[in-house]
There are 4 protein chains.
Amino acid sequence: MLAENSYGKSGIRLVKILRGGDRHDFRDVTVSVRLEGDFAAAHVAGDNSAVLPTDTMKNTVYAMAKTHFDRDIESFGLLLTEHFVRNNLPVACARVELSERVWVRLTVEGRPHPHAFSRPGEERRVARVTRTRQGAIVESGLEDLVIAKSAQSGFSGFLRDGYTTLRETDDRILATSIKASWTYAGAPEDFDRAFQEIRRTLLETFATHDSASVQHTLYAMGEAVLKDHPEAVQVRLSLPNKHHIPVDLSLFGLENHNEIFVATEEPYGLIEATVRRS
Amino acid sequence: MLAENSYGKSGIRLVKILRGGDRHDFRDVTVSVRLEGDFAAAHVAGDNSAVLPTDTMKNTVYAMAKTHFDRDIESFGLLLTEHFVRNNLPVACARVELSERVWVRLTVEGRPHPHAFSRPGEERRVARVTRTRQGAIVESGLEDLVIAKSAQSGFSGFLRDGYTTLRETDDRILATSIKASWTYAGAPEDFDRAFQEIRRTLLETFATHDSASVQHTLYAMGEAVLKDHPEAVQVRLSLPNKHHIPVDLSLFGLENHNEIFVATEEPYGLIEATVRRS
Amino acid sequence: MLAENSYGKSGIRLVKILRGGDRHDFRDVTVSVRLEGDFAAAHVAGDNSAVLPTDTMKNTVYAMAKTHFDRDIESFGLLLTEHFVRNNLPVACARVELSERVWVRLTVEGRPHPHAFSRPGEERRVARVTRTRQGAIVESGLEDLVIAKSAQSGFSGFLRDGYTTLRETDDRILATSIKASWTYAGAPEDFDRAFQEIRRTLLETFATHDSASVQHTLYAMGEAVLKDHPEAVQVRLSLPNKHHIPVDLSLFGLENHNEIFVATEEPYGLIEATVRRS
Amino acid sequence: MLAENSYGKSGIRLVKILRGGDRHDFRDVTVSVRLEGDFAAAHVAGDNSAVLPTDTMKNTVYAMAKTHFDRDIESFGLLLTEHFVRNNLPVACARVELSERVWVRLTVEGRPHPHAFSRPGEERRVARVTRTRQGAIVESGLEDLVIAKSAQSGFSGFLRDGYTTLRETDDRILATSIKASWTYAGAPEDFDRAFQEIRRTLLETFATHDSASVQHTLYAMGEAVLKDHPEAVQVRLSLPNKHHIPVDLSLFGLENHNEIFVATEEPYGLIEATVRRS
């Protein structure tokens, strides 16, 4: 009667200072660990003999970060999952998710400072490594990258029914918060460079696309990633439509030529799709 | 190259006052609508002719709430999905999620007031209806129901490795925030009563179970639902372990007999499982 | 050049289990401590010799909770501030804020369970104790108590200018989240009972008042507290106007007799006032 | 019996596109308006004849943004408060708060794009204008600017009592989220330039200061602003101490030379002070 099940530790907050002499790097990653396997005795009989405590997972992340976290989050995730699958007999599958917040150097008198940093934004770089006895799958991605364009965006020619009141427009703000993830045909030589290049493709495509809808731009972004990055085999994009509503100022004797908007949080459109090599 | 995709409107905030003469009911539901189907032309060619605007979905929820929302959220979800599948040719699947916050009557001079209410908590009753041309599946559930027990809970006899430092205990606080969902063999006669009875089973089992672990109590809760409610065919439970850490007071000459704890948010264990009729 | 300054620890999460044999109580309080006094040397010269670490404040809260927290949060705050003022020479003023989330017993087979609890809501009971060498002031209150009424509420006859488009109404939802605090002429015999009675007065007045505006109902609530509770000398109320906007359904051939509303978060009105004995 | 009172609208979300031909600017400001004055009749008698609706305040912000918001938020706040005080007889004081989120141009092929933007962070630039019949006071500031330094920071020589367990250190992470506000002797010629320069002083001082405590660095930051910017007359700083706790890895046979930390949210120190010209 016990079907799918998993357990693990979430919200493991790791900061590592990489000390290259006087010049430091500041890494800030939140890690979660999930294990699947034969844990029926714990559920059914209260027998914990196969259950590695989630507290141990947390300790493992900190300890292995000391010795093994000096590069990208994907490489660290590969090591962590290997540890959990190799050393833990009941485990059939280990999944590690890593979410990194980027800190950048402060500038002092025009030069980057060696040990002072700011965390500019909400954007997070993410990786998910899923490993079974057969091997590991790496997904790389980003989340909460908030962007907007104020031209080259419309929405018209749509389906109408008795509840449709939306007006067609050839000029609207298109604003979203990108959540994107992708997989590679094999491990790229350099996860950092692959990430930066795919991120740039996503942003440049968003900026320059002549958008007929969120769907249209989403697909263009996914297609561009696959076209420009042969190592990527599929891209998943989740784009909320963060609506900006033009304010009717005619009551006050003013014309609003798409200048004044209300930014809204709710309700919001949500467009999701996977673009894959055929 | 376009693979899985969907779109819809989320965060549709609906309040309905049901006016039974002077006695009102106050219903507060957040709705999301998701459609899947053949939307390739919109993605690939910017052709919106098959795309019903998400703004229309919002209008539909409000308009249909006027005429059709007078009972449980499951029934309203069944109607909404039927509308979207029946009237919208490109749609292969419509999914509507409803999340209700309960408002209760204020008491004045010992009696329930006819039109004044309070919203006591974070707990939400939820329903998800997924409909294809073949039929509809209803999932009922609840989220964010925060509970704790301060006795009959331990964690010992677990697997250890070189990173294990956790001490065994036969007395710890077990605190969680229940996220549960279940499906029925067929539509129950009364969704409200079924919900209330399953909710009660979950809480009573949590309270009275002699817990060897979160897994152990999770399974007992799922098993009790299936045992006591023949109409339920499977239960999915997601239970974060909201850790309460005993404070070491010995440095101050005090003994802490499991009285004083730090409530923590991060990191947290997360235990998830589905219990299904065999 | 150093003017007003203070320091302290916030977000001290304290849970205490009061063990009365098999019957437990579950207390959940977040505490903050702030000290003011002569800390100029720390600021100006980096001399910490007068600075008690905020980590020590945290330890003090946990240690004193073991021996002294068995009643209301006001009494605990009085003890904590006394400790910080008495034992800490540079301190001119200590302020302790306590915010309690209420846990209630789960019901099993119709009876309250001795050691299983749920946390029903967002509402918090709060206390702030401010102590100088001259004495202590206690403020009691509550926050995040969300309430609404669906009748006996209008808004009309208001001032208009060239930017006014709001329509008058004699029937609107009045919804708010009460933030209230009050002071006593002297310490009441029983802080718990005083709190419960004032809370009831606030809710009953809200429910039964014939509201011409949020201001009108706010004042009625404050006035009722002063009238019914001679020990209270002033009440401060902060009431956001959580707007519920009727949906125009006429486009769909439906009339909305104040039944269907959009609940909104932003923007919101905010009405604040103190009512004091003359 | 009615004492201090005020009312207004909060959470007014304004986006303005400044259209300079093909090159746009994207401004994103949340505004709140508060009025104080003689509103006793509304509270006591339900007489709204002196109450301008908060909905009108919202309309006013959008309408005046069309015609008058093309520079810094301080200038817009001055105009808004002038409008409310001049045209609204019962008003004794109008306070407008503006909180701006900065959007920056996306880069395409190495060049800034004319109409595509990203919102890099949580940091907000803020202004508060308070106007009475006697004149206006402008406070400028910033919030949620998250920074850290991994060297030149210690905490030692502090006061100890029986609850002190903190160890002295000459090497700890100092991390905070700056909330700063300042006032000017008179309106600066260019609010934008004054803001940017004071912001830079705050960051450079944080980076280069040899910190004996948060208090010590806070004061140095305030002092530097006053020293380098003659137009500023006082600075208020609120600096949470975002604790990073070194992880004890000795149990796993590893030494942690201040490399591996747990980032924590609760509890947190909070240091606040005003530095003023003597």
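**Entry 1: one residue pair**

I started at a single position. Tyr7(A) stands opposite Ile271(B), a residue of β12(B). I then looked up the strands around this pair. β1(A) pairs with strand β12 (residues 268–276) of chain B. The sense is antiparallel, and I count 7 bridges. I keep in mind that this is a predicted model.

**Entry 2: confidence**

Next I checked the scores. The average pLDDT of chain A is 97. I find 100% of its residues at 70 or above. For the model I note an ipTM of 0.95 and a pTM of 0.96.

**Entry 3: the side of chain A that touches chain B**

How many residues of chain A are in contact with chain B? I get 62 residues of chain A against 62 residues of chain B. I then asked which elements of chain A give two or more residues to this side. β1(A) gives the most, with 12 residues. I noted 27 as nonpolar, 24 as polar and 11 as charged.

**Entry 4: symmetry**

I laid chain A on chain B. The RMSD came to 0.0 Å, with a turn of 180° and a shift of 0.0 Å along the axis. I therefore wrote down a two-fold axis, since that is the relation these values describe. Which C-alpha of chain A is nearest the axis? I found that of Glu4(A), 12 Å from the axis. I also compared the contact residues of the two copies. Of those in chain A, 100% recur in chain B, and the same surface serves both copies.

**Entry 5: chain A by itself**

Last, I looked at the chain as a whole. I count 5 helices and 12 strands in chain A. Its C-alpha atoms fill a box of roughly 75 × 60 × 40 Å along the principal axes. Chain A has 278 residues, and 50% of them are buried. For contacts within the chain, I took those with a separation of 6 or more. Residues 24 or more positions apart account for 61% of these.

**Entry 6: where I ended**

I went back to β1(A).

How values were computed
Residues numbered from 1 in each chain as written. Chains lettered and ligands numbered in written order. Predicted model: local features only at pLDDT ≥ 70, side-chain atom pairs only at ≥ 80, totals over all residues. Least-squares fit on C-alpha atoms with pLDDT ≥ 70 in both. Contact = placed C-beta atoms within 7 Å. Helix = DSSP H or I, 4+ residues; strand = E, 2+ residues; numbered from the N terminus. Buried ≥ 20, exposed ≤ 12 C-beta atoms within 10 Å, placed from the backbone. Nonpolar A, V, L, I, M, F, W, Y, C, P; charged D, E, K, R; others polar. Pairing = 2+ DSSP bridges. pLDDT = per-residue confidence, 0-100.
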